[in-house]
Amino acid sequence: MAAAPNRWWALPVVLVAVFMTTLDFFIANVAVPSIRTGLHADGSEAQLVIAAYGLAYAAGLVVSGRLGDLYGPRRVFSAGLALFTLASAACGAAPAAWVLVQARAVQGVAAALLAPQVLALLGGLYQGADRARAFGWYGTAVGLAGVSGQVIGGLLIAADPGGLGWRACFLVNVPLGLAALVATARVLPSAPPVRPEDGLTAGAGRGLDVAGAGLVAAGLVAVVLPLAQGREHGWPAWTWLCLAASAPLLWAFAHRQRRLAAAGRQPLLDLGVFREKGFAGGLVAVALLFGGSAGLSFVLALYLQEGLGLGPAAAGAVCTALNGGFLAASARGAAMAGRLGARLPVAGAAMLLLGLLLLDHAVAGHAGAASGGGAMAWQVAGALLVTGGGMGLLMPPLLSTALARVRPALAGAAAGVLGTVQETGGVLGGTLTGTVLLGSLESGWGPAARAGLAVPIACALGVLAMTALTRRHTPAARAASRPTTTGGAGARTNTTP
């Protein structure tokens, strides 16, 4: 089938959606101190502002790929983009913390609607070398958005356009979303040539497993909600009941998927993907990586502003070191992959761990709240430069390798599971880090920040162990670790159905 004539005009439209939805997971972190002050939000509400987005995103990914099959990628993409734009406006206008949490959940649902359609559209619009180039741009947009949240958020809050303060972090999506919506109707084809053998769509069955979607969403909420609310409310009985209920809910989801597949019906998730060699270990490593990344973002957002007394712009400036390290390492990733092969993820994980340990050492010298902010900021920036370098070396090959040995027929299911796991890992990591940090504030900001950093450090140790165990992959898996050939899967595969 001939390529669509406007295919390269479609790429920036798709990338705008990718950038916005990725950025919004991280940009809210830097706004948390201002949100707490402006909306009189307590610690648990502040955590839910972050968690509601990621949780809705993770739960929605299981369903949204199937919706793209049923109604077409462009139609679902347009609906998701419109909903994301409206939800962003609702976030920016929220009069109370509970309204903001609800609007963030709607944002997460919209992001999940967009995510799998992005790769379905890219896979249909581009073939051969063009596809590799398009996915490379996709990976760049996602990676840059992931490490730029603190910087962009800090600059927006400091600039305070129209006196909006933290609200600008969400309202900035509105003009971008509207422009992308107008362009979508002009440059995106209504029926792109998506090929099922590429694994970019979920398959040919009919109908949507609404009960299964409800079970997986309830199971994820039962894990995250008590962790976010429990400490603030003294761990009442309902928090323990929710945690206890999460396991049977997720088991019921898995049992239902097996039963549907055995009956010849289309499940939301093909559980056969978990039997693919190396996939389960990759899931663990990815969950730990994104859990640690989200936890680090939460610590930095509060520690730099409330602990060191920096303004949002200064806090964002410190975090540019993380961006710089990530971009520099990513630029060298292809050359290093040629020399290190399957050892590249191990090297990246070791560098990530080193950066976090240096950050912990810097924070250990902090005697009290809002003291020595300038000198401490330089030490933090130096540690973040190393941390970002580790992320830049680790993230693309780790995610690519997790999918490298999955059979093409299960590629779509595998990428969907990987995306759900990484988003869930990010939510759990951020929530657990917030619980530990906020629960340790009585000891002062230095000890509290170090307690919070213990979670990302533990996650980095886990990633290092998993990458070391799985480094003996086949040559095909080692080749898949090269960022230049796997840009789409290599940065944030949560956008694959």
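Arginine 450 counts as partly exposed, at 37% relative accessibility; that label covers the range between buried (under 20% relative accessible area) and exposed (over 50%), using a 1.4 Å probe and protein chains only. Its side chain meets that of aspartate 360 in a salt bridge (2.8 Å, N to O). Here, a salt bridge is a side-chain nitrogen of Lys or Arg within 4 Å of a carboxyl oxygen of Asp or Glu, and the structure holds four of them.

This is a predicted model, where local features need pLDDT of at least 70, side-chain atom pairs count only at pLDDT 80 or more, and totals for chains, interfaces and linings use all residues. Residues are numbered from 1 along each chain as its sequence is written, and side-chain values use heavy atoms, with hydrogens and water left out.

**Arginine 450 and aspartate 360**
- This pair links distant parts of the chain, 90 residues apart: arginine 450 is in helix H15 (residues 445–469) and aspartate 360 in helix H12 (residues 344–364).
- Helices are DSSP runs (H or I, at least four residues), numbered from the N terminus.
- Aspartate 360 is buried, at 13% relative accessible area.

**Aspartate 24 and arginine 104**
- These two form a salt bridge, with the closest N and O atoms 3.7 Å apart.
- Aspartate 24 sits in helix H1 (residues 7–38) and arginine 104 in helix H4 (residues 97–125), 80 residues apart.
- Aspartate 24 is buried at 0% relative accessibility, and arginine 104 is buried at 0% too.

**Arginine 256 and aspartate 209**
- Another salt bridge joins these two, the closest N and O atoms being 2.7 Å apart.
- Arginine 256 lies in helix H9 (residues 237–262) and aspartate 209 in the loop between helix H7 (173–187) and helix H8 (210–229), so the pair ties together parts 47 residues apart in sequence.
- Aspartate 209 counts as buried, at 6% relative accessibility.

Note on methods
Helix = DSSP H or I, 4+ residues; strand = E, 2+ residues; numbered from the N terminus.
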